[in-house]
Each structure stands twice: as structure tokens, then as C-alpha cells.
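Morning, everyone. Please look at the screen.

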Amino acid sequence: MNSDPRAPDPHAPLRRDVRQLGALLGESLRLLDGEPLYQAVEEVRALSKAARDGDAAAWVRLRARLEALPVDQALPLARAFAHFLNLSNVAEQHHRVRRRRDYQRLDGPPQRASLDETFGRLIAGGVSPAALRAAVCDLRVELVLTAHPTQINRRTLLRKHANLAALLEHQDRPDLTPAERTRLVDDLRREILAIHLTDEVHRAKPTPIDEAQGGLLIFEQTLWSAWPRFARGLDAALTRHTGEGLPHGAAPIRFGSWMGGDRDGNPNVTPEVTRRVCAMARWMAAELYWREVDRLRDELSLEACNDALREAAGPGPEPYRQLLRGVRQRLEETRAWAAEGLAGRPAPRHDGLLLDPDQLRAPLMLIWHSLHAIGAGTLARGRLLDLLRRLDAFGLTLARLDVRQEADRHTEALDAITRHLGLGSYAAWPEAERQRFLRAELQSRRPLTPRDLPCSDAVRDVLDTFDVIAELHPGSLGAYVISMAGAPSDVLAVELLQKAAGVRSRLRVVPLFETQADLDAAPATLEDLLSDPDWRARSGDAIEVMIGYSDSAKDAGRLAAAWALYVAQEQLVAACDRHGVHLTLFHGRGGSVGRGGGPTHAAILSQPPGSVRGSLRVTEQGEVIQAKFGLPGIALRTLELYVTAVTEVTLTPPRGPRPAWRALMDRLSATAAATYRGVVRGQPDFVPYFRAATPEPELGMLRIGSRPARRRKSGGVESLRAIPWIFAWTQTRLLLPSWLGLGAALREGLDGPEREVLVEMARDFPFLRSTLDLIEMVLAKAEPHIAALYDDLLVPERLRPLGEGLRTRCAAAAAALLEVRGRDLLLADNPVLRRSIGVRNPYVDPLNLLQAVLLRRLRACEDDGERAALEDALVVTINGVAAGLRNTG
């Protein structure tokens, strides 16, 4: 923040936008829902604000008002508050773009973590320009988009929100005439009216193909244009700081996807779905490239060219257009071929298709060299260079599709095979025997899988998936990820199943270590594999390992899981270093803090030393995709943050823990895990309380994802997926998964002889400082008194002491964290975020109160008609709370 009181407030435009959008929403409410509803909204808003200002009587009146609200009034009132919070989010997103442009436009220091700020600081700190450029050009960051069900808004509404952001951006122009400004306000009014008239409730669950289509749309919506713009900025920044720009072929950021390939616990992702999603990606890529080639052809009306291009284009005028006409024709054929595959009618490949990026790159490079040869290099460095850079980053599939499946499913398939062959039960064999069998079969030339293998549908699905992998063009696929991996045999099993299916270009096999036990065993698993000469020969000198944040945090709590992940990374890096192998770590991070989420830049800079050496893969899940890439300006900043963070941590790794810090972290982690598990697993009433006190049983009504909420139909918290686990606690504002265990751990350190070590570590150890920053943000959002309201309305009397105990623990966690940091107020060093939370609370509180009331009515309702109305109103409150907290799961 600018400390000069005379300086203009940089956030005043944001408040102006929020007021304007709120006023236009009020007009819409009056017009569509009538004056009585508008007055009811204003009454509820005033009571909520008064309650937040300390008026206890206002809270009592607010509760009584909402508890008495008829269901036909509950829905429009909930929609009003939810819409306002979504509009506020649009304004905040646009303001981030505006602030970035202010930094670039105004004469002052560059924005923190920008290309110029980072490159300048690194060189000032002793990094040579040559080393900086080499590091940037060698970066390989892959952002993997996943269909995790956390995007609660319909795509229709997301597009309308993007339209609003574009209108706000246009409104910032200082040269608008009064008539233009009036038309802009009218356009805003129309867009908000359309939003108000749009059904925000998902009426049907998406299919995996729907999810993949939504994921691919982000490329067309923003990434297709954002990437070359970012590459131009990166090229310019490198030139300014090192004297040389970004070379051909360098693509520091690329993209992957799990949409249509992630079958872990999702029976709806079938082999046919994977085949069709790959066709969809090729169709969209061909369409986007066709548009760009057509524009390029329109631009290159030149006659002059070099001999190589003339030979390729043939005789006749306008040789560039002649050449590009043929390229365009091949893209049309590729698009038609992919459309057949998308429709479930896969056609054979033929020579007219463009399936490999080099097939498209060759004619484009002919044009590049010809334009330079005739002195038109400036022309080459425009649209043509953008097209070449897209090809470097997106290939001809936009994003390579990973396949993911649970380790036990491979065990089940191999067990069916060994039983049929009379070899015994693979599933019953100990690890050593499994490995002996797998290694022998990997060296054998005989076929493993009989064509007439009798097997269950589940086993057939696994085997058919490998058949599809063998069938697809290798450029469509990325890695094969094994979830719940726990032993070397899990990796060898996938290698053998690929071999048995005849996969020629075998996918790299990536074990995903998720639970704390699997993370603890991961280094030994990797050491075993690295010590196998045959495996090393197959894998080469670069391997990939994935670490999971969601299930590890659900298993042990946020603090213990974070430390287990840190230590596992250290040990995995050490194992690879001993064997001379480059390790790329694939981080399975969610959007919420409880699932490993948080600010990208800080998270990367707090990784263990040596764990990020120019390469990184990371998931971008659900609502995070829209938050990071939904607007062009935000997408540019996201790409910038990844490049600057990975560059910085590669060239100047963070400090590791001192021995005393490590020993204390081990003890704190053990205390945090024991406390967390003692509550979540050790208290027999915890699951009944959780299901009563939160909307977890009703989350299926949201219909926001294609996969089931549980891995198994029965069971406790361990069978529940991490997203609904986090989602449910977020809705009640207790946010338990992010902080449970922290208070006991910090209190142990504060009250013991190593108090000063803990304080020092919290200040100077990047890992702990970053972890505490995230949990502090969560605790600032937590509202135990709101969670108490859910208990009062929904929880049986005998279970309420459990809730009281949890709220006491929440307060204790906040107090311990403040004591460690020597502060009196949460987020004292981040007043902008603290104010944002404070401004939102009076709008979120009524939604919570109404949600609890609706849950009570719904759980007692036996009338189908009334139940449908209650469900719609409940879903809107869930949407609104998620918007208010800027997070779902």
C-alpha cells in the first residue's frame, strides 16, 4: 500500500465498480422481483451489517426474519445476495488486471514478481545474464487442467461474468464521450439483467465429455491469445535484461489435461470417452489453427520469396498464399477426421492429416526463412511468430491428456490374468514375488493377455483403456498416473500392461503418493526402482513423481501433511541425485488451502531446495481454472507468476531447515497429526456430527461433476473424496480441515523450551512461513459463530458438545498462531485482504443463516413439490457462500 496520505487510493476504482454493479443489480431486483423483495433485501442487508458492527439484537432480528421466510421468498432473496457476491468477484478480478496495467503504465517500481522485477533482482543479486536467459529458455512448466468438481457456476454465467469484466475494462478508458459512457452503462445494465434472468442451478450432472469441452474452451476463451502475448513480453524482458530474447522452440509453459482421462473413482470415464475427448482436442486445435492460418494467408499477399519457398509453393502468383492454401486444406481434413472421432465414428489416419507439430512447423518455417531472406523480418515477427509460439506451447492437441487410474485396479487386472494362466493369485502375492513376476514378464517376448480372458467388467475396462492408449496417436497423450501408489510393483504393473497391449510409444508412468503413509514410503519405493538397471534403461535420465495434497491433508491434517510432503520431496530429490536422474515433481494441488491451494508464487518459492530445477507440473482444478485464466489480463499474470517463481527457485533455491528446525517440525507435525486424527477418526460421533452440521449429504444436488462424491458407497471420512470434505466445512465457515491440529502443535512449541526456535522458524523458514500465511488467511475467513448457528438448527442435542469443542479448538489455533507471529490481529500485514473479507461478511452471513434454515426444512420435508423449491433455494445459498469466500473445495 502507498503510505503517502496525499497519494490517490489505488483501490478507489474497485469500490466505485462494486457500487455501480450493486446499484444496477438493485434496479434489476426492483424490475423483476418487485419493490417488496427489494425492500426485504435491503432490510436483511442492514440487519446483517448492524450485527457485524456489534448489535446483538440485530442478529436476533435477522435470524427471526429469515427463519420465518416462506420458501417462495427465500429463493429470490438468496439469489440477490449470491448475485451481488459474484458481481463483486468480477469487479475484483478486473481490478487485478487494472492494477497490473497501472504498474506497467506508470513511472514507478515494477510489480512484485513481474518479469522485470524478478529478472532485475536476480541479476542484481549475482545471477549472470547468460545464466538467467539459459534458465528461462530451459524452463518446462506444465499446467494440467482437471475436471475436479469445484466450479459451481454454470459456464453460461461464467461467460456473462467475462462480458461484464470486458465492459468494466472499456469503462476505464479516459477518452470515452458522454454518449459512449451512457451506452456502456446500458450494456452493463443489460448484462446484469440477463444474469438475473438466467437459471444458476445445474439441472443435470455433466458428462466427462461436457467437462472436457468446458476445459478446452478456456483455450479458445483466453489462453490462445494470452500465450503469444505473454511470450512477446517474456521475449522483450529477456532482451532488456540479458541482451537476447526467447529463441524458437522455447515454450516455458505447456499444458496438460485430466479431463476425459482421469478414471480414478469415476466409472463414467470409459475407454470410449478417452478416445472421443482426444478427438475433441484435435478438432478444436485444428479449428483454432485454421483461423490463424487463414488470417496469416490474408496478410501475406507478397510476391517476393526465396527459392525454397518458391519450390514448395509451385508456380504462380502470391506464393505464400499458395503454400498456406495447402496448409489450410490439411487442417480442414484434420478437423473433419477429428469430428468423426468425436462423434464416435473413428476413421483411419491418412497422409492428408496434420497430427505431428513438425508437420505444421515445416511450412511455417519455410515462410519464416523466406521473409527474412527478402528483408521482411519485421513481418515474420508478427502473426507468424505468434503462430509458431502457439505450436511450441500447444502442439496440435492444445493439451496432452494424462490417463489416471487407481493402483488397485491394475492389481485386479493382473490377478485375473495370472489366475487364468494358472499362475496363482497376483493379488495375494507379497511385494517381492509381484516384482519378480513383473520384471520377468517385461523381459519376455511372449504375449501376456489371452484374447479370450474371462474377466469382470471392471477388469475389461482397465484392459480396454490400455488398448485405446495403443490405438491413439502418441501426441494426444501425456503420462499414465497411478493414484494411491504405494510400492514399486504399482509402477511395474502399468509398464507391463502397456507392453501387453502393444503400446509402441509408451506413456511415462507417474506414481502418485497421496496418504501420509505412502509419502513416507515413497523414497524407498523410488530407490528400489532406480536401483533396477532395466527400469533405468526404460526410464532414461529423467523421471516424474506426483505428490497429492488433498488426500494427505484429509488423512493427517494440513500442517502434518504439508511437512510430510516437504520431507518426501527432499528424500525423492536425494534419491534421484544419487542415481544421476533429473526429477520432475508433479504437484496435485487443489484450490482450497485444505487441498494444497494458495498463492502460486509463494507456494513455489517455499518448496524444498533442489526440488524445482527448471521443471514442474501442477494441477489447476475446477474453479481455479476460471480464477487464473478466465480473463485475458489475469491469464497473463498467472503465466508470469509461474515463470518468475520457477526461474527464481531454480537459480536461487530457498534455504532448507536447520537441524533444530527439522527436529522441532517433526515433533509439531506428529502432534498435529495425532490431534487431527484423534478428532476425525478417534471420536465415534464425529461422522454423524459432520453429516448433521454441514450440507455434505446434500452436496450431490449441485450436480457440478461427473464423478461420485465417494470412492465407496459406505464408510466414514476416509471414503469421502477430499473435495466434498473441504466443501462442506467451507460452507459452514468453520473451515476445519485447514487448521485442525495446528493449535495443539503450536501450543506445544510455545509452552516448551523451544519457544524461541519456533518463533524464529515461523519467521525465517520459507516452508513454515508460507504454511502459516495460508492458515492465517483461512482463520481470518473462519466464523465459528456461524458454525454454531448450524449446530443450533441442525445438530441433535447429544452431538452439540463436539461442535463446541471444535469451535474452541479454532479459537485456540488462531490465538497460538498470533502468539507465534507476535501479532494481535489476523492478517495485520495484509489490510487489503482483511478489508475484502470484512466487506463481504455482511453479505455472506444471511446466506449462511438462510442455508441452515433451508437444510432444517429440507431434512424434514416429505412433500415433493416443496422439496424441489427448497433444493433450488439451498443450491443458490451454496453458490453464494462459495462466491463470498472465493472458494469451494
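What should helix H25 (residues 632–651) span, and how far apart are its end C-alpha atoms? H25 has 20 residues, so at 1.5 Å a residue it should span 28 Å. The expected span is 1.5 Å times one less than the number of residues. The end C-alpha atoms are 29 Å apart, which agrees.

A quick word on the source. This is a predicted model: local features need pLDDT of at least 70, side-chain atom pairs count only at pLDDT 80 or more, and totals for chains, interfaces and linings use all residues. Residues are numbered from 1 along each chain as its sequence is written, and side-chain values use heavy atoms, with hydrogens and water left out.

Helices (H or I, at least four residues) and strands (E, at least two) are DSSP runs, numbered from the N terminus.

Back to H25. 17 of its 20 residues are buried. Buried means under 20% relative accessible area, exposed over 50%, partly exposed in between (1.4 Å probe, protein chains only).

Now strand E6 (residues 542–548). 6 of its 7 residues are buried. Two strands pair if DSSP finds at least two bridges between them. E6 runs parallel to strand E5 (residues 508–513), joined by 2 bridges. Phe-513 has Ile-547 in E6 as its bridge partner. E6 also pairs with strand E7 (residues 582–588), parallel, over 7 bridges. There, Met-546 has Phe-586 in E7 as its partner.

Last, the loops. Glu-318 is not a glycine, yet its phi is positive, about 50°. Glu-318 sits between helix H11 (307–313) and helix H12 (319–342). Is Glu-318 buried or partly exposed? Its relative accessibility is 28%, so Glu-318 counts as partly exposed. Arg-733 also has a positive phi, near 70°. At 0% relative accessibility, Arg-733 counts as buried.
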